[in-house]
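Let's take a walk through a protein model and see what sits next to what. Keep the sequence and the 3D view open while you read.

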Amino acid sequence: MAQTTREMTSGPSLPLILNFTFPLLMGNVLQQTYSLADAAIVGKFLGIDALASVGASTSVVFLILGFCNGCCGGFSIPVAQKFGARDYVTLRRYVSVSLRLAAVMSVAIAVVTSLLCAFILRAMQTPDNIFEGAYAYLLITFIGVPCTFYYNLLSSIIRALGDSKTPFWFLLFSAVLNILLDLFCILVLGWGVVGAAVATVFSQGLSALLCYFYMYRRFDVLRTRPSDRRFRPELARQLLYIGVPMGLQFSITAIGSIMLQSANNALGTACVAAFTAAMRIKMFVMCPLDSLGMAMATYSGQNYGAGKPDRIWMGIKSATWMMLVYSLAVAAVIWVSADKFALLFIAPGETEIIADTALFLHINVSFFILLGSLSILRYSIQGAGYTRLAMFSGVSEMVARVLVSVVIVPLWGFWGVCFGDPTAWLFANLFLIPAFVYVYRRLNVIVAKERSVA
């Protein structure tokens with residue numbers, strides 16, 4: 001039976017965005033479960049040094065995987081726009097070309113980053129006592145880049161067609177598998193941090209395969225003819241024009257994160273462990289904000305393709321209300337329970353690490369409104385096709401994190417690390433708010449000209 005798609009170009013914006021966001025949220029929660037499971041199992045069964053090994057290269061992983069995920073999101077934007085415009089022939093051709101680009105890009109990234117693992121960890125001042133474990137974990141993660149790239153690309157394409165539920169079900173299966181494989185590889189096979197990395201890569205690869213077979217079997221609009229499968233350089237250039245800036249935006253942001261994590265690594269293994277635990281929890285609780293932003297990318301892309309910029313503004317207002325309610329609620333929960341969440345990863349006797357983990361979480365969730373605003377505006381701008389403009393918000397974040405790393409951390413120590421992300425979110429918003437105003441005005445002018453010509 002063919003799977004139906006969903007258009008978001010008509011009807012009230014709030015229920016449309018909310019309904020589309022919920023499966024995305026569940027999928028993101030499950031994706032973060034990969035990281036939580038790795039860290040929790042490693043921390044509980046292998047100890048603080050092993051936990052620090054898993055977390056010592058978090059920002060580098062974010063740099064590489066963030067670039068891949070950003071490219072995938074960018075590749076899906078023309079798909080969403082053509083779907084909104086009901087140009088299904090071009091849509092299918094975009095999908096075919098994007099799959100070929102993904103093969104070349106993901107393999108090249110995997111090879112280069114795998115060769116540079118040791119250099120990266122030394123440059124980040126990784127403590128000697130955790131270097132070997134950090135190297136093994138990072139190497140396997142980089143080898144598995146094609147699995148991550150393809151899962152994110154295929155799920156982004158499915159979401160661009162208005163179906164945010166299907167990727168969730170595949171991810172649910174693989175998340176459960178990941179946890180079981182974590183336990184098997186670490187406790188039964190005794191592979192240590194290597195087992196945690198292998199379990200994650202295998203699970204994501206399986207998700208990618210499931211998405212691929214389902215997508216082509218269930219969506220009528222994706223059923224291709226030989227002419228659709230031909231490689232088209234002009235479409236490849238368009239995909240790269242949109243996708244690479246989105247990928248670079250994440251990578252540029254990650255450069256600042258690497259600087260911040262390097263400064264934190266220099267503070268010692270205890271701070272690395274606290275940072276690792278806190279980041280896993282933070283990434284988990286910020287899933288709704290990421291999901292809302294991803295929903296806005298599809299919503300904006302479809303409405304841009306349909307020539308309805310006024311609906312993009314309606315969507316921004318609806319998403320902002322949802323973001324405010326969630327940000328205030330999660331801040332209240334974390335302020336009360338941060339130390340209890342830390343116990344998922346850290347033994348009760350490690351009181352200093354638990355206190356630092358709670359401090360990091362308290363400071364970060366207090367500024368979640370800034371993060372939510374960033375997600376909504378950035379993804380909306382990207383969905384409208386202005387990915388290069390959105391990329392400069394990543395530059396703002398990078399500058400902020402570098403300043404904190406160089407100036408604040410040497411003075412304040414771990415307190416300075418805690419303020420790295422909120423400072424970056426503030427800098428990004430100072431750019432994104434006027435940027436969105438510019439984009440919205442441009443869209444209205446473009447649509448008015450098209451209507452006058454018609």
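Which backbone oxygen does the side chain of Ser 203 reach? The side chain of Ser 203 gets to the backbone oxygen of Ala 199, at 2.8 Å. Bear in mind that this is a predicted model, and that the numbers here are computed from it.

**The chain overall**

Let's zoom out for a moment. The protein chain has 18 helices and zero strands. Of its 454 residues, 60% are buried. Now take the contacts in the chain with a separation of 6 or more: residues 24 or more positions apart account for 85% of those.

**Back to Ser 203**

Is Ser 203 buried or exposed? Ser 203 has a relative accessible area of 0%, so it counts as buried.

**Two pairs of helices**

Two packed helices are described by the angle between their axes and the distance between the axes. Here are those values for two pairs.

| Helix pair | Angle between axes | Distance between axes |
|---|---|---|
| H11 (residues 269-285) and H14 (residues 351-365) | about 45° | 8 Å |
| H10 (residues 233-265) and H16 (residues 387-412) | about 5° | 8 Å |

Start with H11 and H14, which pack at an angle of about 45°. Because of that angle, H11 is oblique to H14. As for handedness, H11 passes H14 in a right-handed crossing. Which residues meet there? From H11 come Ala 270, Ala 273, Ala 274, Phe 275, Ala 277, Ala 278, Met 279, Ile 281 and Lys 282, and they meet Ile 353, Asp 356, Thr 357, Phe 360, Leu 361 and Asn 364 of H14. Sorted by class, the contact of H11 with H14 has eleven nonpolar, two polar and two charged residues.

Now for H10 and H16, whose axes make an angle of about 5°. H10 and H16 are therefore roughly parallel to each other. The contact of H10 with H16 has 18 nonpolar, seven polar and three charged residues.

Some residues are worth checking in both ways, along the sequence and across space. Take Gly 307, which lies in the loop between helix H12 (287-305) and helix H13 (309-342). Gly 307 has a relative accessible area of 13%, so it is buried. How many residues separate Gly 307 from Ala 85 in sequence? The answer is 222, while their C-alpha atoms are 8.4 Å apart in space.

Ala 85 itself belongs to helix H3, residues 58-85. Is Ala 85 buried or partly exposed? With 43% relative accessibility, Ala 85 counts as partly exposed.

**One last stop: Pro 422**

Pro 422 is found in helix H18, which covers residues 420-453. Why does Pro 422 count as buried? Pro 422 is called buried because its relative accessible area is 4%, and the cut-off is under 20%. Leaving aside residues up to four places away in sequence, Pro 422 touches Ile 363, Asn 364, Phe 367 and Leu 370. Finally, Pro 422 and Leu 371 are 51 residues apart along the chain, and their C-alpha atoms are separated by 7.8 Å.

Terms used. Residues are numbered from 1 along each chain as its sequence is written. This is a predicted model: local features need pLDDT of at least 70, side-chain atom pairs count only at pLDDT 80 or more; totals for chains, interfaces and linings use all residues. Side-chain values use heavy atoms; hydrogens and water are left out. Buried means under 20% relative accessible area, exposed over 50%, partly exposed in between (1.4 Å probe, protein chains only). A polar contact is a pair of N or O atoms within 3.5 Å; within protein, one must be able to donate a hydrogen and the other to accept it, and residues adjacent in sequence count only if both atoms are side-chain atoms. Axes are lines fitted to C-alpha atoms, for helices over the stretch in contact, and angles run from 0 to 180 degrees between N-to-C directions. Helices (H or I, at least four residues) and strands (E, at least two) are DSSP runs, numbered from the N terminus. Angles under 35 degrees count as roughly parallel, over 145 as roughly antiparallel, 65 to 115 as roughly perpendicular and the rest as oblique. A crossing is left-handed if the near helix is turned anticlockwise from the far one by less than a right angle, and right-handed if clockwise. Contact means heavy atoms within 4.5 Å. Ala, Val, Leu, Ile, Met, Phe, Trp, Tyr, Cys and Pro count as nonpolar, Asp, Glu, Lys and Arg as charged, and the others, Gly among them, as polar.
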